[in-house]
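Please prepare a briefing on the protein shown below.

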Amino acid sequence: MAGKSASELRAQLEQLQAEYDAAVQAESTAVLNDIREKVAVYGFTEKDIFGRKRATQGPSEVKYQNPETGETWSGRGRAPGWIRDAKNRDKFLVK
């Protein structure tokens, strides 16, 4: 099998990757400058470009806890079995 060795191909790949990275950097700068110019000319806002931002939801705070097992629930989503049929959930509130 005639061809390049793995080390030769790796060197070629690294060279191509470096060329690719340089081309992306150069093009990115030109595109970003063009966008900034158009934003300034047309008065676009962040909302115009990206639309309405969604609220980021982090982990929910624990609101209820099963006193027998210690299992917790935030009060969001489907209720777990241990609290699902409770008429008064107050006894499960985390204080």
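**Briefing on the predicted model**

Pro 67 is exposed, its relative accessible area being 65% (buried means under 20% relative accessible area, exposed over 50%, and partly exposed in between, with a 1.4 Å probe and protein chains only). The structure is a predicted model, in which local features need pLDDT of at least 70 and side-chain atom pairs count only at pLDDT 80 or more, while totals for chains, interfaces and linings use all residues. Residues are numbered from 1 along each chain as its sequence is written, and side-chain values use heavy atoms, with hydrogens and water left out.

**Overall architecture**

- The protein contains three helices and two strands (helices, H or I with at least four residues, and strands, E with at least two, are DSSP runs numbered from the N terminus).
- The order of these elements along the sequence is α-α-β-β-α.
- The protein is more spread out than a compact globule, because its radius of gyration is 29 Å, well over the 12 Å that the globule rule gives for 95 residues (the radius is taken over C-alpha atoms, and the rule is 2.2 Å times the number of residues to the power 0.38).
- The C-alpha trace spans about 75 × 55 × 20 Å along its principal axes.

- Buried residues make up 8% of the 95 residues of the protein.

**The nonpolar core**

- Tyr 64, Trp 73, Ala 79, Trp 82, Ile 83 and Phe 92 are the six residues of the largest nonpolar core (a set of buried Ala, Val, Leu, Ile, Met, Phe, Trp, Tyr and Cys residues joined through side-chain atoms within 4.5 Å).
- Not counting residues up to four places away in sequence, Trp 82 touches Tyr 64, Gln 65, Asn 66, Glu 71, Thr 72, Trp 73 and Phe 92 (contact means heavy atoms within 4.5 Å).
- Ala 79 is situated in the loop between E2 and helix H3 (81-84), and it is buried, with a relative accessible area of 12%.
- Apart from neighbours within four places in sequence, Ala 79 is in contact with Trp 73, Arg 84 and Arg 89.

**Individual residues and separations**

- Pro 67 belongs to the loop between strand E1 (64-65) and strand E2 (72-73); its C-alpha atom is separated by 9.8 Å from that of Leu 93, 26 residues apart along the chain.
- Thr 29 is part of helix H1 (residues 6-42) and is partly exposed, at a relative accessible area of 39%.
- From C-alpha to C-alpha, Thr 29 and Gly 58 are 34 Å apart in space and 29 residues apart in sequence.
- Ser 7 also lies in helix H1, and Ser 7 counts as partly exposed at 46% relative accessibility.
- Ser 7 and Ser 60 are 53 residues apart along the chain, with their C-alpha atoms separated by 51 Å.
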